[in-house]
Amino acid sequence: MVNTREGICPCRPVPGVAVSAFNRHDLGLLLLRLGAGGVLMAHGTQKLFGWFGGHGIEGTGQFMESVGYKPGKASATAAGLAETGGGALLALGLATPAAGAAAAGAMAGAAAVHAPNGFFNQEGGYEHAAILGLTAASLAITGPGRLSLDHALGHVLDRGWMVPTALGVTAAATALVVGARNRRLDRPDKDGELADQEALFEE
């Protein structure tokens with residue numbers, strides 16, 4: 001523990017490095033949380049409310065149906081809530097394990113849709129979803145830093161055991177949802193025609 005003018009810093013002093021109550025680690029995590037959380041919130045509100053040029057629940061629900069996530073409206077609502085809620089909580093640094101896991105799960109579902117187009121975003125690939133998902137999962141693991149509501153509240157919603165629990169539950173739920181979606185696309189539809197994934201990505 002190191003005493004400083006601002007308070008007590010729970011870290012070891014490093015020779016030649018000034019120690020302050022909030023260090024580069026905390027500031028870096030704050031910027032990362034605000035950036036990733038803000039982008040996730042923007043995407044989520046596109047789905048939920050049609051903001052920022054989005055299609056709202058109706059349009060997003062129709063798209064969800066077209067790519068195999070059924071029922072469409074329920075899938076759009078779940079994805080929108082995970083992105084909006086998870087992004088907002090990450091930005092605030094509140095309930096970080098659950099927030100990061102929820103956002104990562106939503107991005108895994110999105111990545112599954114874009115995977116047939118390869119990795120890079122300009123070709124419709126899963127690059128964007130992958131980096132947001134990895135960032136959210138990383139924040140769930142590393143924690144939000146001291147510039148966060150979790151720290152202000154004594155980390156009551158950011159316990160060590162919550163990290164593997166949140167990530168494990170989300171991974172299992174995502175695997176079930178994506179697996180069901182893939183099975184729908186692989187089997188004949190009601191008219192006996194196979195789902196054509198390439199046509200689904202023309203939007």
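Rings of Phe, Tyr and Trp (its six-membered ring) count as a pair if their centres lie within 6.5 Å; planes under 30 degrees apart are called stacked, over 60 edge-to-face, and the rest tilted. Some ground rules before clicking: this is a predicted model, where local features need pLDDT of at least 70 and side-chain atom pairs count only at pLDDT 80 or more, while totals for chains, interfaces and linings use all residues. Residues are numbered from 1 along each chain as its sequence is written, and side-chain values use heavy atoms, with hydrogens and water left out.

**Stop 1: the rings**

Select F119, F120 and Y126, which form one aromatic cluster. How many aromatic pairs does the ring rule give? The count comes to 3. In one, F119 and F120 have ring centres 5.2 Å apart and planes at 75 degrees, so the pair is edge-to-face. Colour by accessibility here, with buried meaning under 20% relative accessible area, exposed over 50%, and partly exposed in between (1.4 Å probe, protein chains only). F119 is partly exposed at 37%, and F120 is partly exposed at 45%.

Now jump to F49 and W51. Their ring centres are 4.9 Å apart with planes at 35 degrees, so this pair is tilted. W51 comes out as partly exposed, at 48% relative accessibility.

**Stop 2: salt bridges**

Next, show the charged side chains. The rule is a side-chain nitrogen of Lys or Arg within 4 Å of a carboxyl oxygen of Asp or Glu. A search of the whole structure turns up 3 salt bridges. For the secondary structure labels, helices (H or I, at least four residues) and strands (E, at least two) are DSSP runs, numbered from the N terminus.

Start with D26 and R146, whose side chains meet at 2.7 Å, N to O. This pair links distant parts of the chain: D26 is in helix α1 (residues 24-49) and R146 in the loop between α5 (127-142) and α6, 120 residues apart. Are these two buried or exposed? D26 counts as buried at 3% relative accessibility, and R146 counts as buried at 15%.

Then pick K47 and E83, which form a salt bridge at 3.1 Å, N to O. K47 lies in helix α1 and E83 in helix α3, so the bridge ties together parts that are 36 residues apart in sequence. K47 is buried at 17% relative accessibility, and E83 is buried too, at 3%.

Finish with E58 and K73, at 2.6 Å, N to O. Here the link runs from helix α2 to helix α3, with E58 and K73 15 residues apart. E58 is partly exposed at 44%, and K73 is partly exposed at 45%.

**Stop 3**

Switch to a backbone view and go to K70 and P71. A cis peptide bond joins them, with omega about -5 degrees. P71 sits in the loop between α2 (56-66) and α3 (72-92).

Now select A95, in the loop between α3 and α4 (96-114). A95 is buried at 14% relative accessibility.

H155 is worth a click as well: phi is near 60 degrees, again positive in a residue other than glycine. H155 is in the loop between α6 and α7 and counts as partly exposed, at 24% relative accessibility.

**Stop 4: a nonpolar patch**

L92, L149, L153, V156 and L157 form a nonpolar surface patch with about 410 Å² of accessible area together. Areas come from the Shrake-Rupley method with a 1.4 Å probe; for residues, only the protein chains shown count as cover. Patches take residues with over 30% relative accessible area and no salt bridge, joining like charges within 9 Å and nonpolar side chains (Val, Leu, Ile, Met, Phe, Trp, Tyr) within 5 Å. L153 lies in the loop between α6 (149-152) and α7 (162-186) and is partly exposed at 49%.

**Stop 5: along α7**

Last, select α7. The helix has 25 residues and reaches 36 Å from its first C-alpha to its last, close to the 36 Å expected at 1.5 Å a residue (the expected span is 1.5 Å times one less than the number of residues). Its buried residues include M162, A166, V178 and R181. Zoom in on R181, which lies over the face of Y69 at 5.6 Å from the ring centre. The cut-offs for that call are NZ of Lys or CZ of Arg within 6 Å of the ring centre and within 35 degrees of the ring normal.
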